[in-house]
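Good morning, and thank you for making time for this presentation. Please look at the model on the screen while I go through it.

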Amino acid sequence: MAEQSRKRVVVFRALPGLGDLLCVVPALRALRAGEPDAEITLLGLPQAAAFVARFPHLIDRLLPFPGFPGLPEQPVRNPELLAFLAGVQGQYDLALQLHGNGPISNMAVALLGARQMAGRFLPGQWCPDPGYFLPSEDNAPEPLVWLRLMEFLGYPSQGEALEFPIHEEDRAALRALPGAEVLTPGSYAVLHPGASRAEHRWMPQRFAAVGERLAERHLRVVLTGTAQEAEVTGAVGELLRGLGVPEVLDLTGQTNLGTLAALLAGARLLVCNDTGVSHLAAATRTPSVVVFLGADPARWAPLDRDRHRIVVGDDLGAVLAEMDAQLEREPHLVR
């Protein structure tokens, strides 16, 4: 397939999380290497615009997804969906389903009317084309799932690592944030106590205990999170103040993708829940300790288990031990 000219390719990945998008970067890199002259469109949620703008070498444009019956990521707007489907008929040479493994996502891609479609299917369910669809794998790492699909389609891997380009304007914007001007590379650690799902959040008291240990190791503690997570980060900050931890910098709601990546790139360590910032740390090669409370680490943990340590369950002692082990190593050995 890779030898054929694919002038227009649409990639369906309409999942809401940053990690959901970062995990398909290796697949997109393989696709671009195999189709250097193709126009590659991401069919995704509107909020993916910032992600698409960050990867012009992999994605040419974003096509906002209007929702589809049975897919929970976005409410279905039937008039818009019908107009959308009518407008895309025959527009694409190849439609890649990188959204999921079920018959609903395959049906959505089939209705795009591309000349060829490819993806994964759930064994026992509808397989649109055995020559272009692979059966889904249970408990396989998410980046490798889609990278294997690319290889099956004739696009050799260009590496398994995630990536996230950081620009000088990102670093300048970070330095301009109140209090961030004092941050120097390797002098601070980041705590990210939020997560999109409440059941995936480790307790604030645990993060505060981690922050206390970091302060004992002479690292400034930086709190991050979205504006919607201010209550969670605020609780951790209050606990840290009660423990006498000095100079905690709370950047909740003040970072965008670029400034957050720049912040992580200079951090000595990240401690977080299983959420998008974990994948951003993998992309910036920032050492991390990730707490898994609900999701499957076999699927969602970073691939590099040396640079990124995982702890499954509510075990403060295990997190502190992994964190201490990371901090005992020379920074250049984990970068």
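His 218 sits in the loop that connects helix H8, residues 204-216, with strand E8, residues 220-223. Please bear in mind that this is a predicted model. The phi angle of His 218 is positive, about 65°, although the residue is not a glycine. Is His 218 buried or exposed? Its relative accessible area is 73%, and His 218 is therefore exposed, the cut-off being over 50%.

A second residue belongs in this part of the discussion. Glu 247 has a positive phi of about 55°, and it is not a glycine either. Glu 247 is found in the loop between H9 and strand E9, the latter covering residues 249-250. With a relative accessibility of 54%, Glu 247 counts as exposed.

Let me turn to helix H9 itself, which spans residues 230-242 and contains Thr 233. Thr 233 has a relative accessibility of 1% and so counts as buried. Which residues does Thr 233 touch, leaving aside its neighbours within four places in sequence? The contacts are with Pro 193, Leu 223, Thr 224, Gly 225, Asp 250 and Thr 252.

Next, the sheet to which strands E8 and E9 belong. This is an open sheet of six strands, ordered E9-E8-E7-E10-E11-E12, and the pairing is parallel. At its edges stand E9 and strand E12, residues 308-312, each of which pairs on one side only. Helix H13, residues 316-328, packs on this sheet and touches E10, strand E11 (288-292) and E12. The direction of H13 makes about 170° with that of E12.

Within this sheet, I would draw your attention to strand E7. Strand E7, residues 188-192, is joined by four bridges to strand E10, residues 269-273, and the two run parallel. In this pairing, His 192 stands opposite Cys 272 of E10. Four bridges also join E7 to E8, again in parallel, and there Val 190 faces Val 222 of E8. How many of the five residues of E7 are buried? Five of the five are, so E7 is largely enclosed by the rest of the structure.

The side chains of this strand deserve a further word. In a regular strand, side chains alternate between the two faces of the sheet. In E7, Tyr 188, Val 190 and His 192 point one way, while Ala 189 and Leu 191 point the other way; all are buried.

I now come to the other sheet. Six strands form an open sheet with the order E3-E2-E1-E4-E5-E6, and their pairing is parallel. Strand E3, residues 61-64, and strand E6, residues 133-135, are at the edges; each has a single partner strand, so one side of each is left without a neighbour in the sheet. From one strand to the next, the twist averages 20°. Strand E2, residues 39-44, runs parallel to E3 and is joined to it by four bridges. Here Leu 42 is placed opposite Leu 62 in E3.

Helix H2, residues 25-34, lies across strand E1 (8-12), E2 and strand E4 (94-97), at about 175° to E1. Helix H6, residues 142-152, lies across E4, strand E5 (116-121) and E6, and its direction is at about 135° to E5.

How do these two helices meet? The axes of H2 and H6 come within 7 Å and cross at roughly 20°. The two helices are therefore roughly parallel to each other, and their crossing is right-handed. On the H2 side, Pro 26, Ala 27, Ala 30 and Leu 31 make the contact, and on the H6 side, Pro 143, Trp 146, Leu 147 and Met 150. By class, this contact of H2 with H6 has eight nonpolar residues, no polar ones and no charged ones.

Helix H7, residues 168-176, packs against helix H10, residues 257-266, at an angle of about 85°, with the axes 8 Å apart. That angle makes H7 roughly perpendicular to H10. The contact is formed by Asp 170, Arg 171, Ala 173 and Leu 174 of H7 together with Gly 258, Thr 259, Ala 262 and Leu 263 of H10. The residues of this contact of H7 with H10 divide into four nonpolar, two polar and two charged.

Thank you for your attention.

Technical notes
Residues numbered from 1 in each chain as written. Predicted model: local features only at pLDDT ≥ 70, side-chain atom pairs only at ≥ 80, totals over all residues. Heavy atoms only, no water. Buried < 20%, exposed > 50% of the residue type's maximum accessible area, 1.4 Å probe, protein only. Contact = heavy atoms within 4.5 Å. Pairing = 2+ DSSP bridges. Axes fitted to C-alpha atoms, helices over the stretch in contact; angles between N-to-C directions. Parallel < 35°, antiparallel > 145°, perpendicular 65-115°, else oblique. Nonpolar A, V, L, I, M, F, W, Y, C, P; charged D, E, K, R; others polar. Left-handed = near helix turned anticlockwise from the far one by under 90°.
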